[in-house]
Amino acid sequence: MKSPNVFEIQYLKSGFNSQRMYPNESLISFLGTNYFHLSKEDRGEIKILELGCGSGANLWMIAYEGFNTYGIDFSQAGIQYCKEMLERRNVTAFLKKEDMTNLSFDDLTFDVIIDVVSMQHLTYDQHIICYNEIYRCLRPKGKFFSYHLGENSISLKSSKQMIDHCTISNIEKGFPLAENGQTCFISANEVRKELGKIGFEHVVIDKVIKSYSDQTQYIEYLGIVAEK
């Protein structure tokens, strides 16, 4: 699960300003490629769950585009802000405070499960548990999308606070994404291996490199898509 105290404190201190207000670009591309050709009526039959929905920056867009929308987060404050975000946008979604490594949903519930920089706050072993939960809850041919920090990020290479081989207890000040608590920088090869072992097929992983501080620091993101 996430480092809940870190995010709860951020929400209580800064409210919506602690998170993005608009959806992740790679998520929009994923949904556009796979589902935007459908009519609004047909989109209503597609059940999408976001893991770690936070204050709703992605979820409001998913609901606005007509999908049957669900979101979970381990932060109660995040859920409350997400409700407010949905109300602002005049859309609805099912929301629940929940641990993404122990989903309460029945088997074969969702057509799509997404993660945008939320699973990266799990340890490596917790990733494997979460991947299994995602697989269980997806319907046949269902898709998993994840936007996740990668191993070639300066924030990992500069840290000495290791929990496991790719997870640190916190990103140090002076580096991108500092002070967000426990953070995992997984490799593309590890993702392929673990998803394949569970049974996922057609795993596609693209990389997004983002520079900071006038290109003196770089962060790697993995855009992961897999099918059950």
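**Close-up views of a predicted model**

**View 1. Phe105 is a buried residue, with a relative accessible area of 11%.** A word before we look around: this is a predicted model. Phe94, in contrast, is partly exposed, because its relative accessible area of 39% falls in the range between the buried limit of 20% and the exposed limit of 50%.

View 2. Let us begin with Phe30 and Phe145, a stacked pair with 5.0 Å from centre to centre and 25° between the ring planes. Phe30 belongs to helix H2 and Phe145 to strand S5, so this pair ties together parts of the chain that are 115 residues apart in sequence. Both Phe30 and Phe145 are buried. Phe94 and Phe105 make an edge-to-face pair, with centres 6.3 Å apart and planes at 70°. Here Phe94 comes from strand S3 and Phe105 from the loop between S3 and S4, so that the pair links distant parts of the chain, 11 residues apart. Ring pairs also join Phe30, Tyr35, Phe36, Phe67 and Phe145 into a cluster.

**View 3. Helix H2 (residues 25-34) has Leu27, Phe30 and Leu31 as its buried residues.** Why can these residues be said to line one face of H2? Looking down the helix axis, the buried residues of H2 fall within an arc of 90°, so they line one face of the helix. An α-helix has 3.6 residues a turn, so residues three or four places apart point the same way. On the other side of H2, you will find Glu25 and Thr33 exposed. The partners of the buried residues of H2 are strand S1 (47-51), helix H4 (59-64), strand S4 (110-116), strand S5 (138-149) and strand S10 (217-227). Have a look at the start of H2 too: there, a side-chain oxygen of Asn24 comes to within 3.0 Å of the backbone nitrogen of Ser26.

**View 4. An open sheet is built from seven strands, in the order S3-S2-S1-S4-S5-S10-S9.** The pairing of the strands in this sheet is mixed. Which strands stand at the edges? They are S3 (94-97) and S9; each has a single partner strand, so one side of each is left without a neighbour in the sheet. On average, and ignoring direction, neighbouring strands of this sheet are turned by 15° against each other. Helix H2 packs on the sheet, where it touches S1, S4, S5, S9 and S10, and its direction makes about 155° with that of S5. Another helix, H6 (residues 124-137), lies across S1, S4 and S5 and runs at about 150° to S5.

**View 5. Two strand pairs of the sheet show parallel and antiparallel pairing.** S1 and S4 run parallel and are joined by four bridges. In this pair, Leu49 has Ile113 in S4 as its bridge partner. S9 (residues 201-212) and S10 pair in the antiparallel sense, over 10 bridges. Asp206 is found opposite Gly223 in S10. How many residues lie between the strands in the hairpin of S9 and S10? There are four, and Ser213 in this hairpin takes a positive phi near 50°.

**View 6. Asp73, in strand S2 (residues 68-73), reaches backbone nitrogens with its side chain.** With a relative accessibility of 1%, Asp73 counts as buried, because this value is under the limit of 20%. Which backbone nitrogen does the side chain of Asp73 reach at 2.8 Å? One of them is that of Gly54. The backbone nitrogen of Ser75 also lies 2.8 Å from a polar atom of the Asp73 side chain.

**View 7. Thr167 sits in strand S7 (residues 167-168).** Is Thr167 buried or exposed? Thr167 is buried, because its relative accessible area is 0%, where under 20% is the limit. The side chains of Thr167 and Asp164 are joined by a polar contact of 2.7 Å. Leaving aside residues up to four places away in sequence, Thr167 touches Leu122, Thr123, Tyr124, Gln161, Met162, Gln182, Thr183 and Cys184.

Key
Residues are numbered from 1 along each chain as its sequence is written. This is a predicted model: local features need pLDDT of at least 70, side-chain atom pairs count only at pLDDT 80 or more; totals for chains, interfaces and linings use all residues. Side-chain values use heavy atoms; hydrogens and water are left out. Buried means under 20% relative accessible area, exposed over 50%, partly exposed in between (1.4 Å probe, protein chains only). A polar contact is a pair of N or O atoms within 3.5 Å; within protein, one must be able to donate a hydrogen and the other to accept it, and residues adjacent in sequence count only if both atoms are side-chain atoms. Contact means heavy atoms within 4.5 Å. The arc is that of the directions from the helix axis to the C-beta atoms. Two strands pair if DSSP finds at least two bridges between them. Axes are lines fitted to C-alpha atoms, for helices over the stretch in contact, and angles run from 0 to 180 degrees between N-to-C directions. Rings of Phe, Tyr and Trp (its six-membered ring) pair if their centres lie within 6.5 Å; planes under 30 degrees apart count as stacked, over 60 as edge-to-face and the rest as tilted.
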